[in-house]
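Please read it with the structure open beside you.

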Amino acid sequence: MKVEGKHYRSIWLAADGWAAEIIDQTRLPHEFVIERLETLEDAARAIETMQVRGAPLIGATAAYGLCLALRTDASDDALEAADARLRRTRPTAVNLMWALDEMLGVIRNIPRADRVAAAYRRAGEICDEDVETCRAIGQNGLSLIEEVAANKPGKTVNILTHCNAGWIATVDWGTALAPIYMAHDKGIAVHVWADETRPRNQGAALTAWELNSHGVPHAIIADNAGGHLMQHGKVDLVITGTDRTAANGDVCNKIGTYLKALAARDNNVPFYVALPHTTIDWSIMDGVRDIPIEERDAREVTHMRGRTASGAMETIEISSPGSGAANPAFDVTPARLVSGLITERGVCAASHEGLLGLYPERRDDES
Ligand code: MRU
């Protein structure tokens, strides 16, 4: 997607051909800063501190993290240590484990001398594949928006989204936002309700920044506003992303998604979840019970960072000093509340059978 007329991906190889470059998402929306990742530790820290975030981008960054580690030491021991370091960075988005498994698959059984080149090749492919996958998700989700638009001719389609599942959460296009970009580009009147997404405000900071840059009409809303807007007929459709989709169709996404799904069900608003195949965890059959939920620093709840009137970036305390805080970063929406899963292969029911219908090769794995 474009930033001030220039095309960017969210991660790319630097001109020297070996360092990875990223857009530092902790500085958005106020500053557009490109950061260079030169070491394994740079990549691991970028994921942990959420300079990069969003399930597919976490995976792509980990892939380059492994490349950077191998440049220094391509031995089996170093490979194992780098893999373990990266796996520890964030526990919920399964794309991280998927990308590392992919990388190990091509590196492990080849001579040391060939490892660096093979790693960079696969990391590049992972990025290119993600772009194409998200483009296909966009096309498949576009049909759903077109359907809604056809049922309210001449009127705007209002879509609510949570967190940021746009192009900077993936390598390009995004998942939940890809269909919205395509609908807007096609001339369909769309308007997005962007949940602010406390505590880290990915909606207010990142989704709004993306939509602004692309000229998509939108409004930031407090996380608690969604139910009210649905009750009053102001939401036609909810589309969110997911960090891990269980094989039974349960979807784990940014904390607060579950409450939106409950409100959507109570108000007969379709609730769709957009995802690439790399987000499906076929080993988990009960997402509510078995998906690990990242618990982040309580300071993310008690403090907020923002720009003051003088333009300085400052962190302020917003809660009663001395109070404890809990910060579960994700929740799981049970499949029964999900109207459908939008994947690169099409839209399916949020169920084991629905997923197997789109990914029949998985039936062989199970038999
Ligand atoms: O904690 P984050 O910002 O990494 O969480 C991101 C989300 O929850 C996204 O909705 C999800 O990764 C889907 S991104 C295409």
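1. The second largest pocket has about 250 Å³ of volume. Here a pocket is an open set of points on a 1 Å grid over the protein atoms alone, with protein on both sides within 12 Å along at least five of seven lines, whereas a cavity is a set of points where a 1.4 Å probe fits but cannot get out; lining residues have an atom within 4 Å of a point. Grid points are joined across faces, edges and corners, and a volume is the space filled by probe spheres set on the points. Of the 13 lining residues of the second largest pocket, Trp98, His277, Ile280, Trp282 and Arg362 are the closest to its centre.

2. This is a predicted model, in which local features need pLDDT of at least 70, side-chain atom pairs count only at pLDDT 80 or more, and totals for chains, interfaces and linings use all residues. Residues are numbered from 1 along each chain as its sequence is written, and side-chain values use heavy atoms, with hydrogens and water left out.

3. The largest share, 3 residues, is from α4. Helices (H or I, at least four residues) and strands (E, at least two) are DSSP runs, numbered from the N terminus. Because domain 1 (2-129) and domain 2 (136-366) both give residues to this lining, the second largest pocket lies between them. The domain bounds come from an automatic or database domain assignment.

4. The C-alpha centres of domain 1 and domain 2 are 24 Å apart. Their contact (heavy atoms within 4.5 Å) takes 33 residues from domain 1 and 33 residues from domain 2.

5. The largest pocket holds about 750 Å³ of space. It is lined by 25 residues, and those closest to its centre are Thr26, Arg200, Asn201, Met304 and Arg305. At least two lining residues come from each of α7 (202-214), α11 (299-302), β14 (303-307) and β15 (313-317). Both domain 1 and domain 2 give residues to the lining, so the largest pocket also lies between them.

6. How many cavities of 30 Å³ or more does the structure hold? There are 3. The largest cavity has about 190 Å³ of space. Among its 22 lining residues, Arg53, Gly54, Ala55, Asn164 and Asp243 are the closest to its centre. Domain 1 and domain 2 each supply at least three residues of this lining.

7. The second largest cavity has a volume of about 50 Å³. Its lining includes Met50, Arg198, Arg200 and Glu300.

8. Which residues of helix α1 (residues 40-48) are buried? They are Leu40, Ala43, Ala44, Ala46 and Ile47. These residues are on the same side of α1, because they cover an arc of only 160° around the axis. The arc is that of the directions from the helix axis to the C-beta atoms. Buried means under 20% relative accessible area, exposed over 50%, and partly exposed in between (1.4 Å probe, protein chains only). The cover over the buried residues of α1 includes β4 (20-23), β5 (34-37), α2 (55-72) and α3 (76-87).
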